[in-house]
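Take a first walk through this structure with the model open beside the text.

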Amino acid sequence: MGLTIAQKIIKEHIITGDLTVGSEVALKIDQTLTQDATGTMAYLEFETMGLDRVKTERSVAYIDHNTLQSGFENADDHRYIQSVCKKHGIYFSRPGNGICHQVHLERFGKPGKTLIGSDSHTPTGGGIGMLAMGAGGLDVAVAMGGGAYYITMPKMYKVNLTGKLNPFVTAKDISLEILRILSVKGGVGAIIEWGGEGIKTLTVPERATITNMGTELGATTSIFPSDEITREFLKSQGREEDYVELSSDPDAVYDRIIDIDLDTLKPLIACPHSPDNIVEVESLKGVKVDQVCIGSCTNSSLFDMLKVAALLKGKTIDPSVSLSISPGSKQVLSMLSDCGALSDILASGARLLECACGPCIGMGFSPNSAGVSLRTFNRNFVGRSGTADAGVYLVSPETAVAAALTGYITDPRELGSMPEIFMPEYFKIDDSAVIEPAEVEDAESLEILRGPNIKPFPKSLPQEDNLTAELALKVGDNITTDHIMPAGAKILPYRSNIPHLSQFCFSVCDTTFPERAKALSQSIIVGGINYGQGSSREHAALVPMYLGVRVVIAKSFARIHIANLINAGIMPLTFKDSDDYDKLSEGDSLTLANVFDGMDKGEILLKNERNGETYTLICSFTERQKAILKAGGLLAYTKEG
């Protein structure tokens, strides 16, 4: 039996385990990346391990999230990260150099290599044939130290593309189409491989848009073959030597095959407040638009920006619309400037923002109250934009431009003929904003620079064999990490300060939760389907741990979040009978008895002290995960080892 692309890479990197679906696999990691919203904590964790030097082939720290420096906090964190990088062998991408996924694709990603990053959209690297996965910061820290990264061996899905995209229909629309087919939970436990004759019509930036958005499916990762299109991309970046051919075997077996005919696709749009709430753009014609944002790690490549510039050339945006443009990297921005496309963008009335994540994470450019914002981003969760009552829609750059010019949601095909875009044969190479680490012999004398906002890593507690605690919060389906630990300009600067950050935990759902949880000292949370979807931010586990949450019970969990909960020493359990969810109420006193025995059996009994009812909870922890929970989290477990 043949192998898929992902199975081939996994097989080459297995330390322990095998390709049996559902079994635990330990992987050697070649590359890591962090960004500053999660990186500070990851490097504090790395320091705690007491290692002198990273052991990966390449580790890069990017400054792209917390670039708004309205106080000392972000600047201090950036200085801390830069000093850690210099001392411990990590490359440091300075603020302004660009968004981690865009820059890594351009300058560092290599087909056939493994990459984990403390950002859920790390699968962007699958656009050039990497096995690239989002992970919690602690998992990244362990990988930097030479440790294995553990995953549950995923199923394999194949998406076959046929035909060719029509004008004004884009890779973003392919991404939205697969979300319409699978939903935000349809990729959980799977790796999605893209193939078929249709992929030969897609550039690497288009492929990267698709693998980036694969995160919203809940998939472990997404991946394209490494072919001649990949070779040409790497050659244009001066990196042809990094090319290796990668393809699946003709007799590879997939758990599910999905066919998409590109000829039949139309421009699509994801409506508030979920990436899978998708309709055709033409069905929303005439909806008034207040704001348009073009950029993010999904749609900020030179290819995207040249299309935007061509469509805006000689035109002026509607007076009622505010338009922002965020190029994905310094390379993209400088090449736009050199060829004159930037002037076309600015002449339209657009506002040029920094080469950073910006509005995507609520870091500035929030919509007006109750505003409608069209964004080329990957997420439109409620409140993520920084405006609680805004309606955020996800679209392609072409659809975004159409709205900016007309002031209304408009099918971009109404703009006329699509201008022809000519991509350069070679890209402008300037890595001066990537600071190399010190040589080993010079590193020992270097000082780590810490500001007052950096607080020690919170201490977790070992899991108990018997536990009685109050149900402090009950939430519904598709609770995201933005619900659990919101982002935004007011909160992100405190990512290295867990005590302060805890004030905002679950504030989207219940503003009283932090105070109540802290008063209880230990508590339980109950959730619905796909609990913890969205960002890889481990703060959505670390902060509840700090507030005393010992157990989270849900109908189902998102992949990265369940790993983060275990790493934080919080036990994730699921209902055997999902109807039992309805039988629990906030304030109930809940008892879990003989937990350790239950871990081994895969079932733990939960007693509701309010009415004496007993419910069965299920778990499928590996021996390593059991040991981590008993130790009180991955950091404590690593120290014990």
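Predicted model: local features only at pLDDT ≥ 70, side-chain atom pairs only at ≥ 80, totals over all residues.

Start with empty space. Rolling a probe the size of a water molecule over the atoms shows where such space is left. The largest pocket here has a volume of about 970 Å³. Its lining is made up of 37 residues. Nearest the centre of this pocket lie Thr-152, Arg-559, Ile-562, Ser-620 and Gln-625. Which elements each supply at least two residues of the lining? They are β8 (149-152), α18 (559-567), β24 (571-575) and α20 (623-631). Helix α18 gives the most, with 5 residues.

Now turn to charge. The whole structure holds 34 salt bridges. One of them joins the side chains of Asp-431 and Arg-107, at 2.9 Å from N to O. This pair links distant parts of the chain, 324 residues apart. Arg-107 sits in helix α4 (residues 100-107), while Asp-431 belongs to the loop between α12 (397-406) and β20.

Glu-436, Glu-439, Glu-441 and Asp-442 form a negative surface patch. Look for Glu-439 in the loop that runs between β20 (434-435) and α13 (440-443).

Last comes the backbone. Most residues other than glycine have a negative phi, and most peptide bonds are trans. Where does the chain have a cis peptide bond, with omega near 0 degrees? Go to the bond from Pro-272 to His-273. His-273 lies in the loop between β13 (268-270) and β14 (278-280). Phe-365 has a positive phi, near 55 degrees, and is not a glycine. Find Phe-365 in the loop between β17 (351-352) and β18 (372-375).

How values were computed:
Residues numbered from 1 in each chain as written. Heavy atoms only, no water. Patch = residues over 30% accessible without salt bridge, like charges linked within 9 Å, V, L, I, M, F, W, Y side chains within 5 Å. Areas by Shrake-Rupley, 256 points an atom, 1.4 Å probe, with all protein chains shown as cover. Salt bridge = Lys/Arg side-chain N within 4 Å of Asp/Glu carboxyl O. Lys, Arg positive; Asp, Glu negative; His and termini not counted. Charge placed at Lys NZ, Arg CZ, Asp CG, Glu CD. Helix = DSSP H or I, 4+ residues; strand = E, 2+ residues; numbered from the N terminus. 1 Å grid on protein atoms, 1.4 Å probe; cavity = no way out; pocket = protein on both sides within 12 Å on 5 of 7 lines; lining within 4 Å. Points joined across faces, edges and corners; volume = space filled by probe spheres on them.
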